[in-house]
Amino acid sequence: MERPERQAENIVLVYVEDEADAREMVCRMLGMNYPGVTIIPAENGAAGLAVFREHAPQVVMTDINMPVMDGIRMSREIKALNPETVIVAVTAHSDTSYLMSAIEIGIDRYVLKPINYDELFAVLDAIFEDLALKRLVREQTRRLEASERQLSEAQKIAHLGSWQWELGDGTMSWSDELYRILGLVPGSVAPSMEGALELVHPEDRGAVQARTEEIRRGLIPDRPLFFRILRPDGVQRIIRGQAELIRDGAGNGVSIIGSAHDVTEIKEAEEKIRSLTCELEQRVIQRTSQLEATVRELESFSHVVSHDLRAPLARLEGFCRALVEDCSGCPNRNCSEYAERAERVVRQVKRIIDAFNSLSHYARCHLSVADVDLAAIAREVAQRLGENEPGRRVEFVLPQRLMVRGDGRLLQTLLEILLGNAWKFSAKKDAARIEFGVIPREGELVYFVRDNGAGFDMKYVGKLFKPFQTVHSPGEYAWDGTSIGLATVHSVVLRHGGKVWAEGVVGEGATFYFTLVENPEPQ
């Protein structure tokens, strides 16, 4: 009686039979042929009903004529609890009255006694296949409903409605969100093309009708259509509409599906951005005009400083030189000293004028962008510094190659100043060390010059890059400059689209950092 094993899983079957031997035999045969089915025996209708309440089986096999509670009464109770339960009556030919009662309560599957197991298994196979199919349908229905809910929520969040227009009979369907976009309660009116067009702004209605007709003829628009609608409450909204013709197997158009995206807020934001952009452009024009006027004034001032003051200073320097010579034989030593001090002051003023012109030049000169090897420049600067003071012991740590894009003349000036300062302010160190290199930081390359020299107090860091400012006392280091070196560095870095900053500790050294954009724009 053994047969091929059939697939039946996650099914509970209750077998109700008052004869113990028959009950045991049938349960054993069911277990052998349906290992994936949970089989629970019961000795009469009352016990079977109790088992049903506890385990909620999908299938109940029951004898009809039993003590305590017969199969008909039990089946009626079960159907009242769950009408979907499948009940199989196991009965003899003589139980005609019971069969009529079984038919009345919905039992439509029967197995005659004595049981023919081939017939029993055929009945159960059909039941289990039906249950599996129903389970599959329920799962697919559940997934479909979940997808529809997700689509509906997504449309609601995105303010995106959808529609379909059947060209044959003219019927139309709208999504719930399209109702809401149109200012209507979902399902409150029958969807139609005429009803939708009535809500389109009169000035845009012709364009919408023309676009719909193009799509109906099979044309494919190259861009979406933006139009306005007027809701029943008078509120105006801006819609981004798109549609597509659906064809049958013969290539004939059968329907049009489309979407309506409410882009009112997006369009308002775009308009605000355009307004702000125009305002910003006006401000830029105004500020540029002011900046150009300021530059012209600075150029005029620079011309005065570099030309108009140079001649008087030259004459004043000549007078001071003459005084120094005339006072060389004067018995009053103060005369000669005062004359020499005056001459030094005039020379200092000339150097300041030259420095000012130089700083002004770096801010205004043309930027010639090319590939530049900063490492090669640093090696040249280090060699010159060593040749000028051969008696000093200074360790230079320099990279082999460091390519950037920039103006070679300005970048050379930058490294001459930074390396020169490091050389100068490490003069009191027996074993001075100067390092130039690059490190990655926050997604960009940061170049640095580090020394172990005098350093500086960080509370004065704000003075470093300002013209004619210094954080060291006069005479503390050999120095005859004008305090515009770091201001020049700042100007060069700005011309290359970067930024510059410094860190220092008194007595331990300083590090100057700067960045450069990858490809600065020639100016």
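**Exercise 1. Describe how H13 and H14 pack.**

Start with the handedness: H13 and H14 cross in a left-handed manner, where left-handed is said if the near helix is turned anticlockwise from the far one by less than a right angle, and right-handed if clockwise. Helices (H or I, at least four residues) and strands (E, at least two) are DSSP runs, numbered from the N terminus.

Before going on, a word on the model: it is predicted, local features need pLDDT of at least 70, side-chain atom pairs count only at pLDDT 80 or more, and totals for chains, interfaces and linings use all residues. Residues are numbered from 1 along each chain as its sequence is written, and side-chain values use heavy atoms, with hydrogens and water left out.

Next, the geometry: helix H13 (residues 408-424) and helix H14 (residues 485-495) have axes 9 Å apart and an angle of about 145 degrees. Axes are lines fitted to C-alpha atoms, for helices over the stretch in contact, and angles run from 0 to 180 degrees between N-to-C directions.

Finally, the contact (heavy atoms within 4.5 Å): residues of H13 including Leu414, Ile417 and Leu418 meet residues of H14, among them Val489, Val492 and Val493. This contact has nine nonpolar, four polar and no charged residues. Here Ala, Val, Leu, Ile, Met, Phe, Trp, Tyr, Cys and Pro count as nonpolar, Asp, Glu, Lys and Arg as charged, and the others, Gly among them, as polar.

**Exercise 2. Now treat H2 and H3 likewise.**

The axes of helix H2 (residues 45-55) and helix H3 (residues 71-81) come within 9 Å and cross at roughly 15 degrees. H2 and H3 are therefore roughly parallel, a term for angles under 35 degrees. Their crossing is right-handed.

For the contact, Gly45, Gly48, Leu49, Phe52 and Arg53 in H2 meet Met74, Glu77, Ile78 and Leu81 in H3. By class, this contact has five nonpolar, two polar and two charged residues.

Technical notes: Angles under 35 degrees count as roughly parallel, over 145 as roughly antiparallel, 65 to 115 as roughly perpendicular and the rest as oblique.
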